[in-house]
Amino acid sequence: MSDALIVAALLLTAFMATAVVLTRDPARQAIVLSGYGLVLAVLFVVLQAPDVAMSQTGVGTVVVPLIVMLAVHAIRRHHTREPDERDDS
Amino acid sequence: MSQFLYLIPGWILLAGVYGIVTSRNLVHAVVCLSVAQSATYVLLLTIGYQRKATAPVFSDIKPTRNVVDPLVQAMTLTDIVVGATVTALLLALTVQVAKRRGTVDPDDLRSLEP
Amino acid sequence: MSRRARLLVLAFGGCGLALLFALAAFRLPDFGGTSHPYGQRTLPNAIAHHTPNVISSINFDQRAFDTLGEELILMASALAAVLILRTVRAEQEDAAGKHAYGPAQVFDALRITGYALLPVTIMTGVYIVAHGYLSPGGGFQGGVVLGSAIHLVYLSGDYPALARIRPIPMFEAGEALAAGAFVALALAFAGQVTAMNAVVGLEVGSAVVLTLAKFFEQALLVRKDT
C-alpha cells in the first residue's frame, strides 16, 4: 500500500518537473513551479520526512515563485530590445 | 528490482538540464536550474527511506522504533532553504542583466561588452 | 554555437549521464532497505543528548560545524542579492514623489483574510522555531514561515503598510547579529539546540524579508518611468 503511494508520488513529481521545464513563459512558469513545490512537499511527507516537507512548503510554494514573479515584473520594465524573429518552438 | 525508483531523480535532473540548454529566457533558465537541484532532494530522500519505519522524531515513539535515515533529511532540509537564497541571487543577477543590456535572451548576450 | 549543435552536444552528454546514472542506481542498496549506516550512527547520540527531533540534533549538534558553512552561504547570497539590487541614484530620484502607491483595489474578502491570517501565521512560525527540538520544525522552516508571513499585508493590497511594518535597517541589523551569534554558538556552545534554532530562525527570516524587499523595490517602486 505505502509502496504504491510512494510510486504514485514519485511519478507525479517527475511529471510536474517536466511540466515546469516545458512551460516557456516565466510568469506562467512561476505558477507551475508553485504546484511543483507542493507536489514535492507531498512526496516528502510520504517519504516520512515532515521536517523537509515543512521547509519545502514554505520555500517551494511561496518564496521562490514570489521572487520569480517579482523578477519577471522588474525585467519587463527594462525590456527594450525586442527578441529577433526566430522560430520559438 | 526496486532500484527503478532511483531513476526518477535522474529524469528530473535531465529535464532540468534540458530546460537550461534550450532556454530562451534567463529567468526560465534559473527556474530550470532549481528543478535540476530538486533532483538531489528526491534522490537523497528516496535513498534514506526505509519500509515500515516512521519519521525520526522521538517525542512520542519508543527509542527502539525503526526510523528512516535522519542524516539525509537534515542535509536536504538546510539545502532547500539555502538553495532558495541562491536562486534569489541568480534572479537578482538576471534583473541586473536586463537593466544593463535590455534583454534576457541568452542568445542575444554573446559578447561581454557592457 | 548554433542551436542544432547545442542540442547535439546536449543529447550526447545527456545520454552519457543517463547511462552512468542508471549503472550507479542499480548498484545502490534496495529501495526501502534497512542499510543506513550513517543515519543509524546518529540515533544514539540524539537520544543521549535529549533532542527528540533527530534532524535538529544533527543540524545543530552533531554536524553544527557543517550547518555553520551553510548558514554563511545563506548570508552571503542574501547579502549579494541585496547589494546587486540596490537602487542607483537615478532610479531613486525618479522614484521620489512620482509614484505614490496607495492601497490597491482588492476584494474585501481577500483583504480581511490576509489581515486575519497574519497573526496566526506569525504565531505558527514562532511555534515552529520554538518547538524545533521536540517536534518537526526548527529555525530553517520557521524562519521561512516568519519571513514570508508579513507579506500577507502586501497580499491584502497595502504595499505602504508592508513598507511601514518592515523597517529595512532593523532587519539588516537582525541578519548581522544573528549570523554573528550563530558563529559564536556553533564554535563555542554547539548543542544548544533551542538557542541555535532561534538564531537561525531570525537569520533566515531576515534574509527572506531583505531579499523580497529588494525585489519588491525593483518590481514596484520604480515601475512607471517609461
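## Chatting through chains A, B and C

Reader: Hi! What share of chain A's 89 residues is buried?
Author: Buried residues make up 54% of the 89 residues in chain A. Buried means that 20 or more other C-beta atoms, placed from the backbone, lie within 10 Å of the residue's own; exposed means 12 or fewer, and partly exposed is in between. This is a predicted model, where local features need pLDDT of at least 70, side-chain atom pairs count only at pLDDT 80 or more, and totals for chains, interfaces and linings use all residues. Residues are numbered from 1 along each chain as its sequence is written, with chains lettered from A and ligands numbered from 1 in the order in which they are written.

Reader: Thanks! How many helices and strands does chain A have?
Author: Chain A has three helices and zero strands, giving the order α-α-α from the N terminus on. Those elements are DSSP runs numbered from the N terminus: helices are H or I with at least four residues, strands E with at least two.

Reader: And what about chain C?
Author: Chain C comes to 11 helices and zero strands. Of its 226 residues, 37% count as buried.

Reader: Which scores does the model get?
Author: The ipTM is 0.88 and the pTM 0.89.

Reader: Nice. Where do the domains of chain C fall?
Author: Domain 1 covers 1–35 and domain 2 covers 51–221; such bounds come from an automatic or database domain assignment. Their C-alpha centres lie 37 Å apart.

Reader: Switching to contacts: how many residues of chain A are in contact with chain C?
Author: 15 residues of chain A are in contact with 16 residues of chain C. In contact means that the C-beta atoms of the two residues, placed from the backbone, lie within 7 Å.

Reader: What classes are on chain A's side?
Author: The side of chain A that touches chain C has 10 nonpolar, three polar and two charged residues. Here Ala, Val, Leu, Ile, Met, Phe, Trp, Tyr, Cys and Pro count as nonpolar, Asp, Glu, Lys and Arg as charged, and the others, Gly among them, as polar.

Reader: And how many residues do chains C and B bring to their contact?
Author: Chain C gives 46 residues and chain B gives 39. On the chain C side, α4(C) provides the largest share, nine residues. By class, that side of chain C has 28 nonpolar, 14 polar and four charged residues.

Reader: I'm looking at α3 of chain C now. How many of its residues are buried?
Author: Nine of the nine residues in helix α3 (residues 54–62) of chain C are buried, including Val54(C), Ile58(C) and Phe60(C).

Reader: And α10(C), which residues are buried there?
Author: Glu175(C), Ala178(C), Ala179(C), Phe182(C), Leu185(C) and Ala186(C). They sit on the same side of α10(C), because they cover an arc of only 135° around the axis; the arc is that of the directions from the helix axis to the C-beta atoms.

Reader: Which residues are exposed on the other side of α10(C)?
Author: Among them are Pro169(C), Met170(C) and Leu187(C).

Reader: Last one: what span should helix α10 have?
Author: Its 21 residues (168–188) should span 30 Å at 1.5 Å a residue, and the end C-alpha atoms are 30 Å apart, which agrees. The expected span is 1.5 Å times one less than the number of residues.
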